[in-house]
Each structure stands twice: as structure tokens, then as C-alpha cells.
Protein chains: 2
Amino acid sequence: MAPETATGREERILGIIETARAKRPKFRDERITMSHGAGGKATQSLIEGLFAPAFDVGELADAATVALDGAQVALTTDSFVVKPLRFPGGSIGELAVNGTVNDLAVAGARPVALSLSLILEEGLDSDLLRGEVEAIANAARAAGVEVVTGDTKVVERGHADGMYICTTGIGLRDERAELSPSALRPGDRMLVSGSIGHHGMAIMLARDEFELEAEIESDTCSLWPAVDALLDAAGRSLRCVRDATRGGVGSVLNELARASQVAMLVREGDVPVDPAVAGAAELLGIDPMYVANEGRLVAFVAPEAAEAAVVALHDAGCEQAAEIGEVRTEPPAMVLVETAFGGKRVMDQLVGDPLPRIC
Amino acid sequence: MAPETATGREERILGIIETARAKRPKFRDERITMSHGAGGKATQSLIEGLFAPAFDVGELADAATVALDGAQVALTTDSFVVKPLRFPGGSIGELAVNGTVNDLAVAGARPVALSLSLILEEGLDSDLLRGEVEAIANAARAAGVEVVTGDTKVVERGHADGMYICTTGIGLRDERAELSPSALRPGDRMLVSGSIGHHGMAIMLARDEFELEAEIESDTCSLWPAVDALLDAAGRSLRCVRDATRGGVGSVLNELARASQVAMLVREGDVPVDPAVAGAAELLGIDPMYVANEGRLVAFVAPEAAEAAVVALHDAGCEQAAEIGEVRTEPPAMVLVETAFGGKRVMDQLVGDPLPRIC
């Protein structure tokens, strides 16, 4: 990317966005498209324009909290429709456990138990099912959760691509945690727990649609140890945590900037991207910032706690954890990227779906 | 059905079943078939032969209990793949709410909150989605639960038949309830909360595969008011409750008889079946006992509490609730039907799937 001068461009951006930001999107599409499942702009319009008003849901988070007999119970759900079912570094079963565990973790809840709902395709090889049941059991054991109940449906041949999995998790809100997008303050530091884009690129390459060979494995893993370490190190200075799944880090940042009406600045050069991922992404013309991760979190911490938080992540096994930016006041609800050359550009919400069926 | 003489037949039955019963089924099928999703024998073998050992799940119930910070939290999950999406008396959205609420209710838990995970088909008409979101919101309101979190995935055209819905529910164990198949005792009375087979027959007729016109509506509704009434009337004398969904009353009774190793006797003439349902079932050659219900429960109560329990059900709006049989000792793990003519036959587990994609 060519160097740019910062000031003029930033002013122009500020003008454009005045009208665009802050408004709640409406859901006006006549038909559902793949992009409604991509985690970007269309997903947002579906959630904010249709689901949130219908169910009277306020702050949209990865997990809801329900008070039950004094206990603060966190609840989260996810369906997994990834193609192919198995890929370097993981499989749909492992993903289904970790994805749900992670939604609890980033909500500041210790994952406790999962329910498992399978939609199987008629004709599915039983050994494949056996393998996924084993993968689920192993991932659950590794994440310290129990699979306690389930359901199985079967649909006719030609549907469900082998299997879809819906996992729902319950956890217990950690008393050290008070995480919310509304806790974000200008000056807060933005951290990422490792190098980004592995999961999405691994899936893309596993699909064999491209003549591209690279050793890239999914990053799927439980993020509770990382969140636990962050809570220990930063306590209430930990403002907000998200796992950067569908739509990648770029989508998560946009979602949070919109929700909290703050600005965000990402220093592109500080974002850890492995050479193999960077190379594949460049060849495919995809920005790694929008590529899905299944074992990476973005965390915001008060400036005074940032260094300790990064060290805590390193100690928790997240060797490539890094500070990659900060929260600002202007332009509200927007994410800006500072390029390696000092220029700035808007990192907008994802439009369309460059990587369908990634999780 | 022709009259039979009871004694000889019963002895023969006892001989046959000695070898068949009590063994845990193994899962040995090479491929998944529609019958694995039918709630009968194949489903049982999948659950008991594959899932239960892999996840180390003990007693298989409609909902699991998880202790969270002192609270006894009930958790249950269900995927809904019903065809067609809308049918007389309901739709997939309404079914998804009531089905999950009912799994909590029959486990003796007051339903509190739901998560909602949608798998949508590319090209789905947004108005159809809007209609189902509204149906979900209305059903949740009627059942006194909140939809607190969700997820949406989109799969390509030709998959998912418009939409699949996975709902997971959490509830709070009611202190009056101590329900379990292992609580069943010989002499306990078997109740059903209303006339059976409406849901399954409504779906069958809505599919237009048969040249058959009948005014049959799904029975989909929340069963918590009925369970609440039973708990009030019978307290700890209420042994066990199940909702008779996939596989109908016949499958639920078989499951319980196997789980508790008791025998059950159903008096066929006492089972409420509406004439329209009975007529359609006869024409299609299906026993209403195996037809799915989405708003009917089977309850077992101690003999001294049976009358009060039936009255309580009537008062709770279940006008056709009736006592239909009892628990016996012999033959263990089996369900027998006493016909209107005094003969007896085995009501076996369902084999195959006469009514696929019913919920």
C-alpha cells in the first residue's frame, strides 16, 4: 500500500462518516443471502433490525446472563456448519466445543457444561460420526466442561452436508470480571492473544478451490485459560474481551466500536500475522483482519494494566500475544487502521461473505 | 382387532422377551438412516451405544441438571427440522419454543430462558423468517420464558429446507419435584394429559402426500402449567413425567420401562384419541400410540394421588386428561397393551421411521 498523508485523509473520513454511523441498521432485505451468516454488516442488520427488537434483547453480547436462584448463569449458543467437516488442525466437533466455550470465556464466565444438538444427514458414515463424537468428548475434556444433554435429528440425503452441530454452553460469571463494551474508555489498550487468520485460511485451503499449498492449521482451542490469566493480571482493568471468529478481528472491532460509540485505532504493523497466513491471504486478495479465528481473543485493558496483561497472556501459552492499538474518541463508532507507513484508513464492516461456512 | 385369549399369549410373550430385554443396545450401523432420528429403537441405540459412553452420561433424561453456585439449573436442547415449516395449529418457531420448554417442564424445572440458533437457507423469504421470529417471540411470551441469546448461520440453496432451529432452554429445578424413571413403583398410575396424535397427524396431512382431508391441528403448547398443577396436587407422589414427542406415547413408555426395569400396562380403551385422529391413523395404517405429540405429557403418580392428579390436569385446562394404565412388575422392561376385548399384546419399541421430520 502506498504511503498517505494522514491529516487530509482523516478529515475527509470524518465528513463521510458523520451520516453513516450510529444509526441502528434496519433489516430490509427481501431474501436471506450467504452474507447474513458472515458476521459482517448483513448479519448485524439481521440481529439489530429483526432479532433484537422481537426478543427485546438489549446489549448484544456473546453470552447472556440469567439470574437463577442467586447464581449468575451465562448462556450462549452456536450452530456449526463448517465445510469441510475435517480440516488441518481440527474438525467440526472440536470447533463446536471450543467456539461455545470461548463465547462463555470472553463474557467473563467460567465454562461448565454443554448441550449438544446434532442434525445428521441420512447416509452419513457412522465412523465419521464416531470420530466427531470422540473429538467433541476430547475437546470438552481439554476445556474442562461436561457434555450433559443432547438431541439428534436426521434429515434426508442431500441436506446438512454430513452434519450440523449446535452447541449451547452454560457457565458461571466470574466475580473478577465486569466486562462490557460500555466499559471501553479512550486510552484503553487493544490486545490480541496471538497471530490471526489461521482458522479461516486453513478452511479455505482445505476446500481445494485454490491451487495453493501452505502449512496452515486452524487455531481452534479453548480461550478460558487466556481469559483467566487476563482476569488475574488485570482484574477490573480488563474492560471487554471478544473472540474474533466469523468476520475476524476487523468485524469484532467494528461491532465494539459501534456498541460503545468509541473510536478505535489499530496499528497494522503490530498485528501478529504468520508469514504463511499473510502469503495465502495476499494471493487470495483477502485482508487477514477479516479472516475467522477460533482460538484468538481481542481484549481491551486500561493503559496501566496493559503490560501486565500481555505478560499474563504470554505466560498462559499465548506466545504471540501483542498490543495492537487503542481506544480513541474520534471518529466515534469507527475503526481506523494506521498503516506501517503512518497513513490511516477506515477498517469498515465486512460486506458480503468472502469465506462462507467457516464455522 | 380380533379378540384374543390373554393367558396363553402372555406366557409366550414372557418367553420371547427374556432374551431381548435389559441389554444395553450397541450402535453397530454402518450409516445413519432416517430411523436414527425417529425416537425409536435406532435412536436409542445411537444414544445408549455411542453418545452415553462417550460423554459419560448416566440416566438419560429430557434435561440435565447442573449445579451452579448452589442453584440447580436444568439444561435441555433440541433441534427442529419439521417439514413443512408451517402447519395447522403451529409452525417450526412455535414448536421450537414449546418443545424445549416442555423438556424442562417434564424434568420438573420451571422454564426461564431460551437460546435460539438458526440455520437458514440462502434464498429464504425474509417475510417467512419474520413470521417465525414473531411466532417464537409469541410462544416464548405465552410460556413465560425469555429468548436471551442466539446465533445465525446461512447455508447454500438446497440445504436446510428453509430453516432449522435449535433451541436450548435453562430452568430452575422445582423444589416440589423429585422426578425420575427410577422412582416408578408397581401400582403407580399412568396418566396422559390429553388426546394423543394430533401433532404428528397434522404434519402428515399438511404434507399433502395423502389424499386425505381432516381437520386436525397440532397440539403444540407449553406443558409447564400442567406440570405445575400436577406438582401442586401430587407433590412427591408424582414419580415421573415425560412429553410424548417423537415416537409418541408408545416410545416414551418403552423408554421408561427399559430405564426403570418395570412393566407397564396400558388400557387401550382408556387412551383418549379424537375421532379425526383415529380415522386418519387407521387410513394410514399408523398406531396413534406412536404418533408424535408436542403438547401432551405422560405422568406417573402413586395410586393414592391419581384421582387428584387427574382433577388437577382438568382444572389446568387439560380437559381430556385421563388415567390410561399402571406400572407392574412383570414382564420387566416391557410395555403391554390391554385391548378393548381384554387381550394383551406387546407395545414394542418403534422400528424405522413412519413419520420422518415431525419436529
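In this predicted model, the axes of helix α3 (residues 92–105) of chain A and helix α4 (residues 126–143) of chain A come within 7 Å and cross at roughly 30°; axes here are lines fitted to C-alpha atoms, for helices over the stretch in contact, with angles running from 0 to 180 degrees between N-to-C directions. That angle makes α3(A) roughly parallel to α4(A), a label given to angles under 35 degrees. The crossing of α3(A) past α4(A) is right-handed, meaning that the near helix is turned clockwise from the far one by less than a right angle. At this crossing, I92(A), G93(A), E94(A), V97(A), N98(A) and V101(A) of α3(A) meet E132(A), A135(A), I136(A), A139(A), A140(A) and A143(A) of α4(A), where contact means heavy atoms within 4.5 Å. Helices are DSSP runs (H or I, at least four residues), as are strands (E, at least two), and both are numbered from the N terminus.

Residues are numbered from 1 along each chain as its sequence is written, while chains are lettered from A in the order in which they are written. Local features need pLDDT of at least 70, and side-chain atom pairs count only at pLDDT 80 or more, with side-chain values using heavy atoms and leaving out hydrogens and water.

Turning to chain B, helix α8 (residues 275–284) has V277(B), A280(B) and A281(B) buried; buried means under 20% relative accessible area, exposed over 50%, and partly exposed in between (1.4 Å probe, protein chains only). Seen down the axis of α8(B), these buried residues fall within an arc of 100°, so they line one face of the helix. The arc is taken from the directions from the helix axis to the C-beta atoms. The face turned away from the buried side of α8(B) carries the exposed residues P275(B), E282(B) and L283(B). On the buried side, packing is against α5 (198–206) of chain B. After α8(B) comes G285(B), with a positive phi near 70°.

A glycine in the loop between β8 (189–192) and α5 of chain B, G197(B), is buried at 0% relative accessibility. Not counting residues up to four places away in sequence, G197(B) touches V277(B), V291(B), A292(B) and N293(B).

Finally, the cysteines: the count comes to 0 disulfides over all chains, a disulfide being a pair of cysteine sulfur atoms within 2.5 Å. The sulfur of C221(A), a partly exposed residue with a relative accessible area of 30%, is 7.1 Å from the closest cysteine sulfur, in C318(A), too far for a bond. C359(B) is buried, at 5%, and its sulfur is 12 Å from the closest cysteine sulfur, in C166(B), again too far for a bond.

Notes
Angles under 35 degrees count as roughly parallel, over 145 as roughly antiparallel, 65 to 115 as roughly perpendicular and the rest as oblique.
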